[in-house]
Amino acid sequence: MATDQSKYLELFFQEVAELLTLLNQRILELEKDYSNSEAIDEIFRITHTIKGNSAAMGFDLTKTLAHALEDVFDLIRRDKLEFNSEIADIVFEGVDYLDKIITELKKTGNETLELPPVTNLLRRIANGESISDEESVEIAEPDNSIQKADIEKSIKLLESVRVPLKKLDLMLNFIGEAIIDISYLDDLNAELKNRELKDLTTHFQRIVSELQYNMMKVRLLPLSSIMDQFPRMVRDLTKQEGKKIEVEIVGADIELDSKVIEKLKSPLVHIIRNAVSHGCEPPHHRVALGKQETAKITLKAERKKDRVEISVADDGIGINAAKIAQKAVDMGIVAMDVALELIDEETYELIFEPGFTTAKKVSEISGRGVGMDAVRSELSSIGGIVKVKSIMGEGTSFILNIPLSIAVNKVLLCKIAGKTMAFPSSAIGELIRKPEAEISYMGGNEHLHIDEKLVPILDLSAILYNSPSQKDDTDELCFIVSRFGSRTIIFKVESFLKEENIVVKNFWIPEDIRRVSGATILSDGEVALILDPNEIVKIESLKQGGENGQG
Amino acid sequence: MGNRILIVDDAQLMRLMLKNILIEVGYDVVGEAETGSEALIKYSLLKPDLMLLDIIIPEIEGNVVLGRILKQTPDAKILIISSIGQRLLVDKALKSGASGYIIKPFNAEDVLKEVRRILGE
């Protein structure tokens, strides 16, 4: 029955990987709102598609398990069965097994695992039987074998090819050699002084440079390729520990080299597990402390000049420096008199010492204590560092800094002082156009009425080039509204051009040029500077002595 | 005796398999669609001789798409693609005027047999 399926294998694995990620996301959404009929329909369709695809490929185990899941959701979407948390747990286990079977398939070419017991549970649910609590299976721990399958996920375009990294590196090597050859050509021409040859060489150089950057861009993956699974992982961990934790992810669309992404996964997983087991308090504890019952873990990724900063912050119990210091002394990591001299920040550093642990027992999920030394060494293999900030009773942040040789970011191109410049989209709250008449003056500065406040306007043309923004033909002025924490700032530009994903070309920027964070080459060959809105605001505030943002 | 075919299925793998089966024997796959709304748009743009329609698709249900197309083009030829277990939906489609159906997993012969029959070859 199965015709030659080998040519379809790659597409099958690519599609099923995307479907499984979506599946996890939708089930998580459904768990938050049992009435979400869109999620129910989509979950049904996804399991249906997985069943169909695996049947077509002759993968019977996958087909059977997917079918069992599909039947359950068919009943739910026809209102013949109600979704509840027991079903959620069983369904998640089914999905995890699907993942395992497929990973095995990918590795060995066979469905060597057996049909898991959860299949029968699913079938029984679909038959209308109720499952008692004892029978609900234990939450399967997210396997690290899921890691590879996800990292290999490529961009979500419909038309794409999968290219082994080795091939890309080979091509990049060739390009590297070509660049060297061209520069020899240039040297030779310095003697020949041939005009035409010079023009040709310059053009050639530009093309090969573009080729190089575009190829390096191909190696990039968004952070979301590893971060997407974290909400699910946290959900499973918190269920095990009886805690309530919410995960927020910001900035995961930042793209990094795939090798870097691969190296980040394990440290981030470690830090998050730590936040879950040691950082966040159980719900009753939090309520007693006057906090919200549900703890929050925020993952934030931000590009800063030539590096990416990723932070994992919890609003939990914070680090008890005294306890850490004591433990370190007990374990012989540091002498008592040295420990007494340490300030809090230095004390936190002790957790990165090999063998350090404050766990009273070997916790099932976090293993032997913290393992933070492993985190540090994984990060240093990509040139990254990690720092800890904490306030007792309020929470802890782990801040990772990873250097980049190249980064891709979304920016808004605008005209400032007649030049095209790039404004990072991550700093844009909204874009507005207002007629000149709506500008009010306060203290000699321009302001606009926004968010029920009078917000100061920073004229970027004036700030960067010392000449005020020119008006375009229309009567309206263009403003970018940014929010930094509780402050709202408005930047005036001459016009909005378009939003683009750009590759940031790294060159050395002197430390004292703070308002610009990099540069990029636009499609017409022109260079556009990339602004650093944060720094611009800081510098202006210092100048004006903190008048900004008053209502 | 036309040979212009539109394939509607939200699984890329399925579309590719069907496309390969069809073009190998000389049919012309003039378009593909992933959702019900896309199917409606592409059908009216491309006016294919035959549309292969997955009964389970996002945005607009397969049967609804079938109904709308048949209303506009009563002699439209539509071959339903279905998985096992969608008997009710397939019956409904046939009653509404679908030209035939194939069940996944299918093989090349079964698909081509139905396609040839429907296109009256």
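Two residues are in contact if their C-beta atoms, placed from the backbone, lie within 7 Å. Take the contacts in chain B between residues at least 6 apart in sequence: 58% of them join residues at least 24 apart.

A word on the source. This is a predicted model, in which local features need pLDDT of at least 70, side-chain atom pairs count only at pLDDT 80 or more, and totals for chains, interfaces and linings use all residues. Residues are numbered from 1 along each chain as its sequence is written, while chains are lettered from A and ligands numbered from 1 in the order in which they are written.

The model scores ipTM 0.85 and pTM 0.51. pLDDT is the predictor's confidence in each residue, from 0 to 100. Chain B averages 90, and 99% of its residues score at least 70.

Now the fold of chain B. It has 5 helices and 5 strands. Both are DSSP runs numbered from the N terminus: helices are H or I with at least four residues, strands E with at least two. From the N terminus on, they run β-α-β-α-β-α-β-α-β-α. Of the 121 residues, 39% are buried, that is, 20 or more other C-beta atoms, placed from the backbone, lie within 10 Å of their own.

The 5 strands of chain B form an open, parallel sheet in the order β2-β1-β3-β4-β5. Two strands pair if DSSP finds at least two bridges between them. β2 (28-33) and β5 (100-103) of chain B are the edge strands, each pairing on one side only. Strand β4 (residues 78-82) of chain B is joined to β5(B) by 4 bridges. B:Ile80 stands opposite B:Tyr101 in β5(B).

How does chain B meet chain A? 14 residues of chain B are in contact with 15 residues of chain A. α1(B) gives the most to the chain B side, with 5 residues.

Helix α2 (residues 37-57) of chain A packs against helix α1 (residues 12-24) of chain B at an angle of about 40°, with axes 9 Å apart. Axes are lines fitted to C-alpha atoms, for helices over the stretch in contact, and angles run from 0 to 180 degrees between N-to-C directions. α2(A) and α1(B) are therefore oblique to each other. Angles under 35 degrees count as roughly parallel, over 145 as roughly antiparallel, 65 to 115 as roughly perpendicular and the rest as oblique. A:Gly52, A:Asn53 and A:Ala56 meet B:Leu13, B:Met14 and B:Met17 here.

How values were computed. A residue is buried if 20 or more other C-beta atoms lie within 10 Å of its own, exposed if 12 or fewer, and partly exposed in between; C-beta atoms are placed from the backbone.
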